[in-house]
Structures are given as C-alpha cells and as structure tokens.
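This briefing covers the fold, the overall dimensions and the charged pairs of one protein. Please read it alongside the sequence and the structure.

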Amino acid sequence: KSVLYSIKDKTIFKDKSVAIFGGGDSALDWAIELSKNSKVTLIHRRDEFRGAPASVEKLRELQKEQKLDVLTKFSIKDVRGNEKLESVEIKGDDGEIKTIKTDFILGFFGLIMQLGPIIEWGLNIDKKLIPVNTENFETNKKGIFAIGDICFYPGKLKLILSGFHEGALAARGCFKYSRPNEKYKLEFTTTSKAVKNRLGVK
C-alpha cells in the first residue's frame with residue numbers, strides 16, 4: 001500500500017519520497033523521524049501547527065537545513081499513478097496547484113468534532129467544549145460527566161495523560177451516583193489481591 005494512515009514498519013520508507021499530510025503531533029513526529037532516511041514533504045492546510053512547540057521548532061530547524069520540505073495552506077487535490085503511486089496533487093488557498101512526486105502518502109488528519117444529540121441535552125457548551133467541575137468532571141447537568149477533548153477547565157491540557165486523570169475522577173463521581181449507599185474503596189493493581197484476580201495477574 002502507498003497511501004497509509006498509520007505506520008507499523010518505518011523501514012519501508014528508507015530512501016523513498018514521502019508526502020505527509022497533517023499538522024498535529026503524529027504528522028510532525030513522523031516528518032522529523034522519517035527525514036533522517038527519506039525525502040519528506042510535510043503538507044498542512046494552515047500556517048500554524050497543533051503539535052508540541054518543541055516539535056514545531058525542530059521541524060522549522062530541519063526545514064532551514066533543507067532536510068525536509070514544508071508546504072502550508074495546501075490541501076490534497078488528487079492522487080496520480082498507474083498501478084503504483086507516482087505523485088500527489090495539492091491545491092493552495094490561493095488556487096495554486098503543485099504536483100509532488102512521491103512513493104508514499106501518509107495522512108494524519110484531525111477529526112471534526114460533531115456533538116450530535118448531545119447539543120440538545122441542556123449542557124453548557126462553549127465553542128463545542130463543555131465546562132466541567134474538576135473535582136469529579138461533572139457538567140452543569142447532575143449525573144452527566146465529560147472527560148477528554150470535549151471538556152474544558154482552567155489549565156486544561158489536551159494530553160492522553162490528562163485524560164486518564166480525568167477518567168479516574170469522573171469514575172469516582174459516577175460511582176457515587178450509581179451506588180450511593182456503598183463506600184468508595186480505592187484499590188491498587190500493585191497491592192490489591194481482588195484487582196489482580198479480576199485482571200488475571202499474579
């Protein structure tokens with residue numbers, strides 16, 4: 001396959017041309033990594049990147065050193081080739097068309113958040129984000145909790161690590177609603193025999 005959305009074996013890109021689409025951490029990290037042994041062109045629809053500032057800085061440094069190419073305000077228009085990928089055509093915001101010869105296309109496109117029926121639940125929503133109480137991640141509606149990218153609070157960091165923390169506090173909040181007469185007991189996988197039995201570990 002020449003058009004990929006994830007990487008299992010980076011060695012297939014060695015000494016090849018790779019066009020990477022995206023502006024988040026995955027796109028930046030792979031552009032930086034693959035530029036060591038491949039001809040990389042990173043294409044993003046905006047000038048700004050959503051990735052970590054250190055990655056953006058490294059990307060700009062590699063661009064200055066001409067170790068990879070960066071094209072912004074461009075999006076994919078067409079993919080060309082007979083039986084195997086030969087090139088990708090991109091279109092700029094100003095209508096400019098560019099053709100890039102490439103052996104692989106990597107797509108790391110972000111998701112558009114669609115709230116669907118949630119919009120009708122009576123939650124406080126600001127720019128598709130739901131403010132929460134950071135004690136238990138409850139929304140303005142009792143019994144409805146929000147964690148991850150959809151929730152917002154002062155100092156919020158959109159990291160998977162933060163999501164685990166949010167999930168633990170929300171789970172405790174849910175427990176109190178579902179089992180109001182039971183005492184909440186915190187157990188650890190390292191010391192609890194009951195948890196180890198449930199997980200099937202020794």
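A salt bridge here is a side-chain nitrogen of Lys or Arg within 4 Å of a carboxyl oxygen of Asp or Glu. By that criterion, Glu89 and Lys77 form a salt bridge, with their closest N and O atoms 3.4 Å apart. Glu89 belongs to strand β6 and Lys77 to strand β5, so the pair ties together parts that are twelve residues apart in sequence.

The model is predicted: local features need pLDDT of at least 70, side-chain atom pairs count only at pLDDT 80 or more, and totals for chains, interfaces and linings use all residues. Residues are numbered from 1 along each chain as its sequence is written, and side-chain values use heavy atoms, with hydrogens and water left out.

**Overall form**
- The protein has four helices and ten strands; these are DSSP runs numbered from the N terminus (helices H or I, at least four residues; strands E, at least two).
- The radius of gyration, taken over C-alpha atoms, is 23 Å, well over the 17 Å that the globule rule (2.2 Å times the number of residues to the power 0.38) gives for 202 residues, so the protein is more spread out than a compact globule.
- The C-alpha trace spans about 65 × 45 × 35 Å along its principal axes.

**Strands and packing**
- Five strands make an open sheet in the order β1-β8-β2-β3-β4, with parallel pairing; two strands pair if DSSP finds at least two bridges between them.
- Its edge strands, β1 (3-4) and β4 (69-72), each pair on one side only.
- Helix α1 (residues 25-34) packs on this sheet and touches β2, β3 and β8 (104-107), where contact means heavy atoms within 4.5 Å.
- Strands β5 (residues 74-80) and β6 (residues 87-92) run antiparallel and are joined by six bridges.
- Phe74 has Gly92 in β6 as its bridge partner.
- The hairpin of β5 and β6 has six residues between the strands, and Gly81 takes a positive phi near 155 degrees there.

**Salt bridges**
- The whole structure holds 13 salt bridges.
- Glu33 forms one with Lys10, the closest N and O atoms being 2.6 Å apart.
- Glu33 lies in helix α1 and Lys10 in the loop between β1 and β2, so this pair ties together parts that are 23 residues apart in sequence.
- Glu89 is buried at 10% relative accessible area, whereas Lys77 is partly exposed at 47% (buried is under 20%, exposed over 50%, partly exposed in between; 1.4 Å probe, protein chains only).
- Lys98 and Glu96 form another salt bridge, with closest N and O atoms 3.5 Å apart.
- Shared partners join Lys77, Asp78, Arg80 and Glu89 into one network of salt bridges.

Definitions and conventions:
Axes are lines fitted to C-alpha atoms, for helices over the stretch in contact, and angles run from 0 to 180 degrees between N-to-C directions.
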